[in-house]
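Please open the structure in your viewer and keep the selection panel at hand.

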Amino acid sequence: MTRHEINEDHSFFITNNRDQKHWKTRKIVGIKLVHQDRPISFYTCHLGWWHDEEESYKFQVESLLSQAAKDESAILMRDFNSFARVRNEGYDFLTGNGLYYTYELASR
């Protein structure tokens, strides 16, 4: 829900599987709005797990980033199924691809 006018909506798969009845299928939905003359996209995400060999976590992140807004602010929300304290897995892969964890930014 938002009080702002929605300028665009987003919807795309980040898994190879497109069967919406399959529990590993992942689809991203989102919106774009303008706030203080700046476009901002918001995406709700639910990624799989790092060690999943059927639907690769890296593939899901790369698919998400390839379709997410570029050259403007984008906020990725929800469940990344990745523990920040586990090194060399999902969290490090996400931050290594230029994403910021807002929890860490807020605690500075």
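Begin by selecting β4 (73-79), which supplies the largest share of the lining of the largest pocket, 4 residues. In this predicted model, the pocket holds about 610 Å³ of space. To find the middle of the pocket, display Leu76, Phe80, Leu99, Tyr100 and Tyr101, the residues of the lining that lie nearest its centre. The complete lining has 20 residues, and colouring these by class gives 14 nonpolar, 5 polar and 1 charged.

The next stop concerns aromatic rings. The structure holds 6 aromatic pairs. Select Trp49 and Phe83: their ring centres are 6.3 Å apart and their planes meet at 40 degrees, so the pair is tilted. This pair links distant parts of the chain, 34 residues apart, with Trp49 in the loop between β3 (38-46) and α1 and Phe83 in the loop between β4 and α2. Trp49 is partly exposed, at 44% relative accessibility; Phe83 is also partly exposed, with a relative accessible area of 44%. Then select Trp50, Tyr57 and Phe93, which ring pairs link into a cluster.

Finally, move to helix α1 (residues 57-67) and select Ser63 within it. Is Ser63 buried or exposed? Its relative accessible area is 11%, which is under the 20% limit, so Ser63 is buried. Show Phe12 and Ile14 as well: Ser63 is in contact with both, leaving aside its neighbours within four places in sequence.

Methods. Residues are numbered from 1 along each chain as its sequence is written. This is a predicted model: local features need pLDDT of at least 70, side-chain atom pairs count only at pLDDT 80 or more; totals for chains, interfaces and linings use all residues. Side-chain values use heavy atoms; hydrogens and water are left out. On a 1 Å grid over the protein atoms alone, a cavity is a set of points where a 1.4 Å probe fits but cannot get out, and a pocket is an open set with protein on both sides within 12 Å along at least five of seven lines; lining residues have an atom within 4 Å of a point. Grid points are joined across faces, edges and corners, and a volume is the space filled by probe spheres set on the points. Helices (H or I, at least four residues) and strands (E, at least two) are DSSP runs, numbered from the N terminus. Ala, Val, Leu, Ile, Met, Phe, Trp, Tyr, Cys and Pro count as nonpolar, Asp, Glu, Lys and Arg as charged, and the others, Gly among them, as polar. Buried means under 20% relative accessible area, exposed over 50%, partly exposed in between (1.4 Å probe, protein chains only). Contact means heavy atoms within 4.5 Å. Rings of Phe, Tyr and Trp (its six-membered ring) pair if their centres lie within 6.5 Å; planes under 30 degrees apart count as stacked, over 60 as edge-to-face and the rest as tilted.
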